[in-house]
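Try each task before you read its solution.

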Amino acid sequence: MHTRLLWSLLLAALALNAVYGAVAGVLVPAQIARADAANKDAILAVALTASSLLTLVVHPLAGAASDRTRSRRGRRAPWIVAGAAGSAAVMVALGYAESAGAVVLGWLVLQPLLNVVEAPLDAVLADRVEPSRRPRAAAFFGMGAAGGLAAGAAGAGLGVAAPHAVYLALATGLLVASVGFVVANPDRSSAGTTTRIPAREAWASRDLRLVFSARFALVLGHQLVMGYLLYIVMDFTGASVEEAGRTASLVIGLHIVSLICGSVAGALWIRRRVPWIVAASAVLAASLLIPVAAPNVAGLMAFAVVGGAARGVYLAADLALMIDVLPSRDDSGRDLGLLGLATIVPQTLAPALAGLVLILGSGSYGVLFVLAALAALSSTAIIARVGSAPARRP
């Protein structure tokens with residue numbers, strides 16, 4: 001595995017996730033608010049729900065399509081470049097969208113195109129990285145993703161008054177990073193024949209199902225509290241929305257820095273996957289109980305640091321394990337796309353489930369933290385049942 005693969009992978013993940021953080025987190029909500037202030041909440045809810053449903057379909061299909069691509073440039077490169085070019089064009093147009101309908105339509109076109117970049121990019125790890133180096137590659141990918149989300153949201157927040165300029169910068173960054181990745185890491189021709197196995201047979205793998213279920217539970221627990229962080233800060237401190245927003249930003253910043261540090265540690269030390277995932281999941285579960293014992297800003301910051309570091313280690317080991325248990329190299333795009341639903345689905349469900357828990361729990365955020373910790377603990381129990389990685393079929 002060449003060093004340039006690691007760094008170009010980090011840059012590609014950084015550019016891709018900067019788009020997610022900026023567009024979904026800041027630009028689209030701001031544009032909708034300008035276009036229709038009276039109905040902004042309902043319009044944004046429809047837009048985000050519809051785009052999430054599209055992602056559930058497009059992400060695995062994009063991975064499967066790249067598996068079946070035959071070209072002199074390889075299987076993944078044509079999709080990464082085409083998806084980036086299409087995304088860049090839509091972002092430039094979105095920068096000048098003025099009506100709420102145009103903004104929603106632009107986002108519903110953009111998100112599937114971003115998945116056309118993301119799914120084949122994920123599969124590169126399975127294609128090009130040997131097992132002993134996968135935690136390191138996964139750590140670089142995770143650092144790029146975390147840093148991109150933070151940088152995108154921060155940059156868009158500063159430039160929200162001039163969305164066309166932010167969109168142009170994001171489009172340029174994504175296109176340059178994607179083309180640069182493909183040029184720096186030329187793939188071999190995929191014109192020959194391959195051996196595939198049906199999806200039903202692949203998903204008969206016990207370890208594959210366990211890895212999926214464990215990630216689903218952990219992501220669900222994590223998102224139960226992160227989605228309501230602003231309201232949690234307001235409840236713990238009695239601060240105004242503006243003051244709570246600044247505190248929440250600090251907590252998120254600490255969480256991301258700690259996540260990156262955890263990813264670096266994972267890249268340096270992880271060899272065996274399952275024990276590290278079990279330990280990281282257990283530490284994350286414990287960190288979710290800190291704000292229950294200390295319902296104040298200090299407790300939230302302690303959770304951000306400890307939980308962020310644990311999540312960084314988890315991501316480095318878990319992505320490597322996901323690749324280890326794939327039954328077929330020739331179907332890695334399809335199967336990683338389906339495994340990716342273990343992240344996408346709980347992120348979609350978490351806000352509604354958290355709202356229901358808060359209603360039933362009389363608005364107690366302590367109950368929410370306890371439920372999140374239980375979800376993370378269940379992930380620990382599930383992943384501990386994973387055996388040795390099966391040998392892949394040719």
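**Exercise 1.** Find how the side chains of Arg215 and Asp318 meet, and where the two residues lie.

Solution. Step 1: the two side chains form a salt bridge, 2.6 Å from N to O. The term needs a side-chain nitrogen of Lys or Arg within 4 Å of a carboxyl oxygen of Asp or Glu. Step 2: Arg215 is in helix H8 (residues 206–226) and Asp318 in helix H13 (residues 297–324), 103 residues apart. Helices are DSSP runs (H or I, at least four residues), numbered from the N terminus. Step 3: both Arg215 and Asp318 are buried, that is, under 20% relative accessible area, while exposed is over 50% (1.4 Å probe, protein chains only).

The model is predicted: local features need pLDDT of at least 70, side-chain atom pairs count only at pLDDT 80 or more, and totals for chains, interfaces and linings use all residues. Residues are numbered from 1 along each chain as its sequence is written, and side-chain values use heavy atoms, without hydrogens and water.

**Exercise 2.** Which parts does the salt bridge of Arg76 with Asp127 tie together?

Solution. Step 1: the closest N and O atoms are 2.7 Å apart. Step 2: Arg76 lies in the loop between helix H2 (40–67) and helix H3 (77–94), and Asp127 in helix H4 (residues 100–128), so the pair ties together parts 51 residues apart in sequence. Step 3: Arg76 and Asp127 are buried.

**Exercise 3.** Is Ser362 buried or exposed?

Solution. Step 1: Ser362 sits in the loop between H15 and H16. Step 2: its relative accessible area is 71%, so Ser362 is exposed. Step 3: Ser362 has a positive phi of about 55°, though not a glycine. Most residues other than glycine have a negative phi.
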